[in-house]
Amino acid sequence: APGAYEITLPNALADMLGLELRPRANPVHTAGGLTEGSTATINFLLGRGGRFVHYSNVDICVMKQCPAVLIGIRPLFEDYSVTIMAHQHRCILEPKE
């Protein structure tokens, strides 16, 4: 499902960012069923504390019913081992070798 694989943004945020939306050939499979979505290409910076990684030309999914920014498997979880420590309100990203 694109929502699990791709970064997914709500339409309202994509509009605020001025993203150019392209139609998708097929409906998007979500936990709530099939829905319409669009594709956009973005560049973004990920980092903190002086350490940043720049991602260029990443295709994302844009949907009206998306409740928030959803981070999918690609590219973040392909590039990093991620440890979520909810009780400490921490998330640790370590580059994969």
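**The largest pocket and its surroundings**

The lining of the largest pocket consists of 26 residues, and those nearest its centre are Leu46, Gly47, Arg48, Arg51 and Leu93. A pocket here is found on a 1 Å grid over the protein atoms alone: it is an open set of points where a 1.4 Å probe fits, with protein on both sides within 12 Å along at least five of seven lines, and lining residues have an atom within 4 Å of a point. This is a predicted model, in which local features need pLDDT of at least 70 and side-chain atom pairs count only at pLDDT 80 or more, while totals for chains, interfaces and linings use all residues. Residues are numbered from 1 along each chain as its sequence is written, and side-chain values use heavy atoms, with hydrogens and water left out.

The space in the largest pocket comes to about 690 Å³; this volume is the space filled by probe spheres set on grid points, which are joined across faces, edges and corners. At least two lining residues come from each of α2 (11–17), β5, β6, α3 (73–79) and β8 (90–95). β5 supplies the most, with seven residues. Helices (H or I, at least four residues) and strands (E, at least two) are DSSP runs, numbered from the N terminus.

β5 also belongs to an open sheet of four strands with mixed pairing, in the order β1-β6-β5-β2. Strands pair if DSSP finds at least two bridges between them. The edges are β1 (8–10) and β2 (22–23); each has a single partner strand, so one side of each lacks a neighbour in the sheet. β5 (residues 38–48) and β2 are antiparallel and joined by two bridges, and threonine 39 in β5 is the bridge partner of arginine 22.

The largest nonpolar core has twelve residues, among them Ala40, Ile42, Tyr55 and Tyr80. Such a core is a set of buried Ala, Val, Leu, Ile, Met, Phe, Trp, Tyr and Cys residues joined through side-chain atoms within 4.5 Å, where buried means under 20% relative accessible area with a 1.4 Å probe, protein chains only. β5 and β6 (51–63) are the elements that give two or more residues to this core, and β6 gives the most, with four.

Tyrosine 80 is one of the core residues. Leaving aside residues up to four places away in sequence, tyrosine 80 touches Leu46, Val53, Tyr55, Leu93, Glu94, Pro95 and Lys96; contact means heavy atoms within 4.5 Å. Of these partners, Leu46 and Leu93 are among the residues nearest the pocket centre.

Definitions and conventions: Buried < 20%, exposed > 50% of the residue type's maximum accessible area, 1.4 Å probe, protein only.
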